[in-house]
Amino acid sequence: MVDELLILQDKVTVIPIENEPVGSNCYLCYNGDFSNDCFVVDPGAEDETFLIDSIKRNKLNLTYIILTHEHFDHCMGLNQVRASFPNCKLVCSSECSDAIQQAKKNFSLYFRNPGFECGAADVLLEDVDWILHFGDLKISFYPAQGHSKAGILFVVDNYVFTGDSLIKDIKTVTKLKTGSKEKLLDSINLLESWKGRGYIICPGHGELFELDNYDLSKALGYF
């Protein structure tokens, strides 16, 4: 469920947790030197008891839940986490906020009928100029619409969270409704411009990896 050996520490501590039953990635992130505030990325497990217990056991204050996009394997546990931490704020794009409210648009209807719906976001990224503050750190968000029109990626400290826009050694899926090869290229070009900064990619599936030495053309299917 969680790769407890893979706990990354810089200004932000990043703990990857594998969602089940679909093997997507959730992340629990906090800055223990500054406060006990934390944020969660893509709570997509059918049962989020492990994540919820981890937050409570470590006496963390869940400030934000961030969704990289609307697909069910990245938000299946959202309702459970929000119910457990009613003061936290859900953060995503306006397109994502709209899509998670409909089982057909979040694709949960096709995973298990009748699927599920989630409430609207508390914070739309378009309303905050794509920037959030987390303690003494800034979280910078960017549209990443190749996999989904609702998609984003974001940077905090030394980490880039890419959702399903970039997964190691996998061609990014653009065939789903609202996907776009042209928009994917925009995201890949942005990531290419960030090489040399020592960023670690935290993808929506699979293992974490270094951006600097990665061949980004793999995401486009060029090998």
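## An exposed glycine

Gly196 is exposed, its relative accessible area being 67%; exposed stands for over 50%, buried for under 20% and partly exposed for values in between (1.4 Å probe, protein chains only). Gly196 belongs to the loop between helix 5 (181-193) and strand 12 (200-203). Helices (H or I, at least four residues) and strands (E, at least two) are DSSP runs, numbered from the N terminus. Asp212 is 16 residues from Gly196 in sequence, and the C-alpha atoms of these two residues are 5.6 Å apart in space.

## Basis of the report

The model is predicted: local features need pLDDT of at least 70, side-chain atom pairs count only at pLDDT 80 or more, and totals for chains, interfaces and linings use all residues. Residues are numbered from 1 along each chain as its sequence is written, and side-chain values use heavy atoms, with hydrogens and water left out.

## Overall form

The protein contains five helices and 13 strands. Its C-alpha trace spans about 45 × 45 × 35 Å along the principal axes. The radius of gyration is 16 Å, in agreement with the value near 17 Å that a compact globule of 223 residues would have; this radius is taken over C-alpha atoms, and the globule rule is 2.2 Å times the number of residues to the power 0.38.

Among the 223 residues, 52% count as buried. Of the contacts with a separation of 6 or more, 62% are between residues 24 or more positions apart; a contact requires heavy atoms within 4.5 Å.

## Surface and charge

The accessible surface of the protein amounts to about 10300 Å², and carbon and sulfur atoms supply 48% of it. Such areas come from the Shrake-Rupley method with a 1.4 Å probe; for residues, only the protein chains shown count as cover.

There are 20 positive and 32 negative side chains, and the centres of the two sets are 5 Å apart. Lys and Arg count as positive and Asp and Glu as negative, while His and the chain ends are not counted. Each charge is placed at NZ of Lys, CZ of Arg, CG of Asp or CD of Glu.

## The nonpolar cores

In soluble globular proteins, nonpolar side chains tend to be buried together. A nonpolar core is here a set of buried Ala, Val, Leu, Ile, Met, Phe, Trp, Tyr and Cys residues joined through side-chain atoms within 4.5 Å. The largest nonpolar core has 29 residues, and those that touch the most other members are Leu28, Leu51, Ile55, Leu62, Leu67, Leu78 and Ile100. Two or more residues of this core come from each of strand 2 (13-18), strand 3 (25-30), strand 4 (37-41), helix 1 (49-57), strand 5 (61-66), helix 2 (78-84) and strand 6 (89-92). Helix 1 contributes the most, with three residues.

A second, separate core holds 24 residues, including Val12, Leu132, Ile152 and Tyr159. As for Leu28, residues up to four places away in sequence are set aside, and its contacts then include Val14, Ile15, Ile17, Phe39, Val40, Leu51 and Ile55.

Most residues other than glycine have a negative phi, and most peptide bonds are trans. Two cis bonds can be described here. Glu20 and Pro21 are joined by a cis peptide bond with omega about 10 degrees, and Pro21 is in the loop between strand 2 and strand 3. Asn113 and Pro114 are also joined by a cis peptide bond, with omega about 15 degrees; Pro114 is in the loop between helix 4 (108-111) and strand 7 (123-124).

Lys59, a residue other than glycine, has a positive phi near 55 degrees. Lys59 is in the loop between helix 1 and strand 5 and is exposed, with a relative accessible area of 66%. Asp157 likewise has a positive phi near 55 degrees. Its place is the loop between strand 10 (152-156) and strand 11 (159-163), where Asp157 is partly exposed at a relative accessible area of 22%.

## Two further positions

Asn36 lies in the loop between strand 3 and strand 4 and is partly exposed, with a relative accessible area of 38%. Apart from neighbours within four places in sequence, Asn36 contacts Lys59, Leu60 and Asn61. From Asn36 to Ile55, 19 residues apart along the chain, the C-alpha separation is 9.9 Å.

Asp186 is part of helix 5 and is partly exposed, with a relative accessible area of 47%. Asp186 and Lys89 are 97 residues apart along the chain, and their C-alpha atoms are separated by 29 Å.
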